[in-house]
Amino acid sequence: MNPAAKISAFVAALTASFGAAYGIGAAVGTDAGTTGSPERAEHAGSAAPHTDESREERPAGGLQITEGGYTLDLRTPRLEAGQRSELRFAVRDRAGDRVTEFRREHGKELHLILASRDLATYRHLHPTRAADGTWSTPVELPAAGDYRVFADFTPAGANTGDLTLGADLAVSGPYRAAKLPKPARTALVDGYTVSLNGSLRPDVPERLTFTVRKGGRPVTDLQPYLGAYGHLVALRAGDLAHLHVHPEGSTKPGPGVSFTATAPGSATYRLFLDFKHDGTVRTAAFTVPSGAAAQTPGTTAPSDEHGH
């Protein structure tokens, strides 16, 4: 979900908008380019179209910890690399009380995204909320470094609309910064080849079409996830502005599935495309530049994402 204007203490937010044209299914709890894990949780129910017309004019989310009177209270600000731990947090209202009522979006009250600052590690999780408003989820992060936590939710009865709040998470251990993979038109994951057709242009809607192949043949029987056939999350390199694209509704899968995206100026983005086939959710990751940042893509995305 995309919220209103965001500014953090250490970065300046640029405006952005992402709109979904066709859906493909959604994934939970995975690194880019890896298979599903116990951290994944199925989305229940069908994905209903978003009716908030102002969404496309909203800036990128996740750049601040407080917005509209709501604050992300990260109770676990530090984890250790390679250790399975419990991540705990709460959403607090203007009075400082924990929020316990949320509107369900795509079968869940809250979607949680974890990403490393170098964009080498990515997780999409669905934590559990206790009666007192404390959220928790098990997580194991493979590499030390700085991470960003994004809580994507809509408070029940509030007039704020969808919110995405962000907070920093430190992961201790031996650290080596990963280099952002070069732009590429294809990504390989578990024997599947995912191809990207289309480009990002600043302030101009463009269609991004993804084709999933296995054994050289297009996969035309993708399975529903989040009530559709895919899920797309985009993070801007540098400040990790969160551009969350939900499917607008269910569409029958074919040789290609598409999203329409508008880039917020010249920048480089990391796209995480989740799809489900043969009962398993997988994630294909792409580096996509726009505007002055655009380079001629290669043919194969490097497989240097951290694994579980």
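The protein chain exposes about 12,500 Å², and carbon and sulfur atoms supply 48% of that; areas come from the Shrake-Rupley method with a 1.4 Å probe, and for residues only the protein chains shown count as cover. Of its 308 residues, 56% count as buried, meaning under 20% relative accessible area.

This is a predicted model: local features need pLDDT of at least 70, side-chain atom pairs count only at pLDDT 80 or more, and totals for chains, interfaces and linings use all residues. Residues are numbered from 1 along each chain as its sequence is written, and side-chain values use heavy atoms, leaving out hydrogens and water.

You'll find 0 helices and 20 strands here; helices (H or I, at least four residues) and strands (E, at least two) are DSSP runs, numbered from the N terminus.

Now for the inside. A nonpolar core is a set of buried Ala, Val, Leu, Ile, Met, Phe, Trp, Tyr and Cys residues joined through side-chain atoms within 4.5 Å. The largest one has 27 residues, with Val 194 and Phe 275 among those with the most contacts inside it. Strand 19 gives this core its largest share, 4 residues. Apart from it lies another core of 26 residues, including Leu 79 and Phe 102.

Terms used: Buried < 20%, exposed > 50% of the residue type's maximum accessible area, 1.4 Å probe, protein only.
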